[in-house]
Amino acid sequence: MKRAIVTGAAGFIGSKLVQRLLDDGVDVVGIDNERSGDWSRVNPSCERINADLGDMTVDDFAQVCAGSDGIFHLAAEKYNSSKSTPEKVLNVNILGMHRLLEGAAKVGNPKVVFTSSLYAYGSMGPLPMAEDDVLTPPTMYGLSKVAGENLLRVAQRDHNQRWAVARLFFVYGPDQYAEGGYKSVIQSNFERLARGEQPTINGDGEQSLDYIFIDDVVKALLQLHQNENDGALVNIGNGAAITINALTDLMQETAGSKLEPKFIPADWTHRSSRVGDNTHCRRTFAWEPETSLHDGLRQFWEWKISQ
């Protein structure tokens with residue numbers, strides 16, 4: 001790969017992917033509107049295009065994609081953003097992606113690696129989510145991710161488009177920050193611990209999530225770009241869930257805190273278990289999560305207290 005396009009380049013995952021590509025000697029063009037990203041976190045060697053995918057035309061995308069070997073399509077309108085609307089989600093995540101694929105088709109069809117989401121499943125557990133599950137997303141965001149996956153299949157039929165899909169679970173790591181006003185449990189409770197405040201837990205804390213470290217995600221996305229992984233659709237997660245109670249204990253151990261957690265009213269995640277079966281991913285291209293939750297939290301905490 002000599003030249004890559006990264007949409008959502010100023011976001012948490014995008015900025016890390018951009019850096020890895022640059023480290024590998026790839027010329028990178030990033031697209032972001034900074035609604036939830038921050039260009040200051042992106043290496044200035046990345047060519048920057050300040051644009052909203054919902055406003056870009058087919059010709060705009062064709063001009064950007066010309067001469068590229070790969071497109072990493074990470075940008076999306078978030079379902080939980082205070083700035084978002086259902087219409088915005090549909091325009092950016094579905095119509096914008098359609099125009100992106102049509103533009104790419106005009107200039108040689110560089111391979112697309114698309115970041116889908118656990119929200120495509122619509123499951124709250126208790127069983128792990130597997131790639132062959134029936135998809136029943138109850139949100140516009142989840143619906144838009146399913147549509148994006150199917151747009152790739154249409155582009156393959158119409159334009160011989162090459163593609164791969166990563167259904168991401170709960171990504172965390174250094175440089176993570178609130179996107180659109182939403183903060184992850186790890187982010188918000190580490191902020192409290194850094195201020196000497198009690199961590200908070202919704203409900204009884206027995207809801208569980210599948211956390212995957214950012215470096216393992218970037219590695220997976222790069223592997224998906226390889227030719228032998230054309231048509232792959234895989235979960236990218238740790239493959240095991242941890243309860244919020246256990247996570248909070250581990251975070252407090254990491255931060256050296258002995259403050260008792262503060263329990264607050266349950267939210268919509270009460271007693272849920274959102275975990276991805278990553279068996280297919282391991283078998284498809286021998287990808288393995290390399291960073292334990294203990295080590296990942298340590299790196300996150302060291303970054304947080306250095307700010």
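Thr-291 touches Phe-213, Asp-216, Gly-296 and Gln-299, residues up to four places away in sequence not being counted; contact here means heavy atoms within 4.5 Å. The model is predicted, so that local features need pLDDT of at least 70 and side-chain atom pairs count only at pLDDT 80 or more, while totals for chains, interfaces and linings use all residues. Residues are numbered from 1 along each chain as its sequence is written, and side-chain values use heavy atoms, with hydrogens and water left out.

Thr-291 is located in the loop between helix H8 (279-285) and H9. Helices (H or I, at least four residues) and strands (E, at least two) are DSSP runs, numbered from the N terminus. With a relative accessible area of 17%, Thr-291 is buried, a term for values under 20%, with exposed meaning over 50% and partly exposed the range in between (1.4 Å probe, protein chains only).

Helix H9 (residues 293-306) also meets helix H5 (residues 185-194): their axes come within 11 Å and cross at roughly 50°. Axes are lines fitted to C-alpha atoms, for helices over the stretch in contact, and angles between N-to-C directions run from 0 to 180 degrees. H5 and H9 are therefore oblique to each other; angles under 35 degrees count as roughly parallel, over 145 as roughly antiparallel, 65 to 115 as roughly perpendicular and the rest as oblique. H5 contributes Ile-186, Gln-187, Phe-190, Glu-191, Leu-193 and Ala-194 to the contact, and H9 contributes Leu-297, Phe-300, Trp-301 and Lys-304.

An open sheet of seven strands shows parallel pairing in the order E3-E2-E1-E4-E5-E6-E11; two strands pair if DSSP finds at least two bridges between them. Strand E3 (47-50) and strand E11 (233-236) are the edge strands, each pairing on one side only. From one strand to the next, the twist averages 20°. Within this sheet, four bridges link strand E4 (residues 70-73) to strand E5 (residues 111-117) in the parallel sense, and Ile-71 has Val-112 in E5 as its bridge partner. Helix H1 (residues 12-23) packs on the sheet, touching strand E1 (3-7), strand E2 (27-32), E4 and strand E6 (163-168), and its direction makes about 170° with that of E1. Helix H4 (residues 140-159) likewise packs on the sheet, where it touches E5, E6 and E11; the direction of H4 makes about 155° with that of E5.

A further open sheet consists of three strands in the order E12-E9-E14, with mixed pairing. Strand E9 (residues 208-209) and E14 run parallel and are joined by two bridges, and Ser-208 stands opposite Ser-273 in E14.
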